[in-house]
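Biologist: Before we start, please show me the model. I would like to learn how to read its sheet and the helices around it.

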Amino acid sequence: MTALDPAWLARTVAIALDEDLGPEPGRDVTTQSTIPPDLVGAADLVARQDGVVAGLVVVPEVVGQVAARLGLAVPSVDQRVPDGTRVARGDVLAVLRGPVQVLLVAERTLLNLASRASGVATHTRRWADALDGTGAQVLDTRKTTPGLRALEKYAVRCGGGTNKRMGLYDVAMVKDNHVVAAGSVAAAVAAVRARFPDVTIQVEADTLAQALEAIAAGARFLLLDNMPTQLLAEVVAAVRGGEMATGRVELEATGNLTLDRAREVAATGVDYLSVGGLTHSSPILDLALDLEPLRAA
């Protein structure tokens, strides 16, 4: 599983801390008033719900940046389970030890990020489980929280899903508005090939005719959008029937997909089901940081 980029993580945590503490170095007026800087303690990061955890990799970065801002020692982080683990309510995910000021100042930022990521991973795992054994995979989309795309797509991977394109820069996706602007599917595909010959081209199709037009234009990845199951099966059969001539075509079902339809849709023979809800509609997984003060240094 591809890890989070350290530079991205550092920037994202810095922005989140600025949001909570004010511009660097910032301040926590409650904690810094009531907790002496030499008080050392331990805190358990605990799951308050069953689910799949993700984003625990952010915890050391958060406490490290907070410690630097406060000029205090960096707490140790003993991570007890890896990202992608199924956990039960009450499970201890990590144990943090260090200055209590650092632990309390870092608490909300690390919980926000890890709870959000764990919610996405938990939701994704439901889809991955529903598709288990079908040969189809669940994909995410670009419907992500601004600024948190890398974390949310990492969480999808932790939950057993697959990332689609990361942004507008790495894969061309020809949709209906592009076709209208270019004049035809063939013209749109040709324009992308001429301008960006190195990128993969995906084409959206709403009908069998559009799917066949896209393949004739050279597309080898189709988004089959908002198709009823019967039509989807007909399109898949037609495309697969022509693969001796065209070569392999990857097929993705998208639009109005629900968990109770997942296996039915997968049975049509598509390779992927793309689900925007993995990132735009996942509730958080409730996590908590439970503190137990130890001693004054």
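**Reading the sheet and its helices**

Modeller: Strand β8 (residues 200–205) pairs with strand β9 (residues 221–225) in the parallel sense, over three bridges. Helices (H or I, at least four residues) and strands (E, at least two) are DSSP runs, numbered from the N terminus, and two strands pair if DSSP finds at least two bridges between them. This is a predicted model, in which local features need pLDDT of at least 70, side-chain atom pairs count only at pLDDT 80 or more, and totals for chains, interfaces and linings use all residues. Residues are numbered from 1 along each chain as its sequence is written, and side-chain values use heavy atoms, with hydrogens and water left out.

Biologist: Which residue is the bridge partner of A205 in β9?

Modeller: Strands of a sheet pair through backbone hydrogen bonds, either parallel or antiparallel. Here the partner of A205 is L224. On β7, four bridges join that strand to β8, again in parallel, and M173 stands opposite Q202 in β8.

Biologist: In what order do the six strands form the open sheet?

Modeller: The order is β6-β11-β10-β9-β8-β7, with parallel pairing. β6 (137–139) and β7 (171–174) stand at the edges with a single partner strand each, so one side of each has no neighbour in the sheet. From one strand to the next, the twist averages 25°.

Biologist: How many residues of β8 are buried?

Modeller: Buried means under 20% relative accessible area, exposed over 50%, and partly exposed in between (1.4 Å probe, protein chains only). Five of the six residues of β8 are buried, so the strand is largely enclosed by the rest of the structure.

Biologist: Which strands does α4 lie across?

Modeller: Axes are lines fitted to C-alpha atoms, for helices over the stretch in contact, and angles run from 0 to 180 degrees between N-to-C directions. Contact means heavy atoms within 4.5 Å. α4 lies across β6 and β11 (272–274), at about 150° to β6. Helix α8 (residues 208–216) lies across β8 and β9, at about 165° to β9.

Biologist: Where is H123, and is H123 buried or exposed?

Modeller: H123 is in helix α4 (residues 100–131). H123 is buried, with a relative accessible area of 14%. Leaving aside neighbours within four places in sequence, H123 is in contact with G277, L278 and S282.

Biologist: Which residues of α1 meet α4?

Modeller: V13, A16, L17, D20 and L21 in α1 meet V105, R108, T109 and L113 in α4.
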